[in-house]
Amino acid sequence: MNDASLNVIDVLLVEDDPGDALMTQEAFEHHKIRNTLHVVKDGVEALAFLRREGEYADAPRPGLILLDLNLPRKDGREVLAEVKADAELRSIPVVVLTTSDAEEDILRSYSLHANAYVTKPVDFERFIEVVRQIDDFFVTVVKLPR
């Protein structure tokens, strides 16, 4: 078993835009990212996945959460607040990946203990590169709790 195989993690993408979810999946495939990407469409599903409730009873614990802010049913800010307030979940790194570059969203996300805030590029190639860099940083560079 080589060291690279130890770095495979589950990534939870919380994204309601099917186009952005597809681009993220394509970025994973394009860069041969071995991590498993799980996609949920809103904040309620995200918390059910993280808490292994209902249809997500067998869900793996993600090593990284990519979180959009503007979500239906429960927005990303609420999800972030609940994750970071939960002793079981708060150690999972959360990268806010959103179209918003509003200063108030950036400040609020960090005050809610987001690990990083990334504005989604509109350009596909740039988007793919950003996802690769996030993955590279959080999976290769940073040591995550098991």
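**View 1. Asp-68, a buried residue in the loop between E3 and H4 of a predicted model.** Asp-68 has a relative accessibility of 5% and therefore counts as buried, a term that means under 20% relative accessible area, with exposed over 50% and partly exposed in between (1.4 Å probe, protein chains only). UniProt, in an unreviewed entry, lists Asp-68 for "modified residue: 4-aspartylphosphate", and such annotations may be inferred rather than shown by experiment. Not counting residues up to four places away in sequence, Asp-68 touches several residues, including Asp-16, Leu-97 and Lys-120, where contact means heavy atoms within 4.5 Å. In this predicted model, local features need pLDDT of at least 70 and side-chain atom pairs count only at pLDDT 80 or more, whereas totals for chains, interfaces and linings use all residues. Residues are numbered from 1 along each chain as its sequence is written, and side-chain values use heavy atoms, with hydrogens and water left out.

**View 2. Leu-97 in strand E4 (residues 94-98).** Helices (H or I, at least four residues) and strands (E, at least two) are DSSP runs, numbered from the N terminus. Leu-97 counts as buried because its relative accessibility is 3%, and, leaving aside its neighbours within four places in sequence, its contacts include Asp-68, Val-118 and Ile-134.

View 3. The buried residues, among them Leu-47 and Phe-49, pack against strands E1 (10-14), E2 (36-40) and E3 (64-67) and against helix H4 (76-85).
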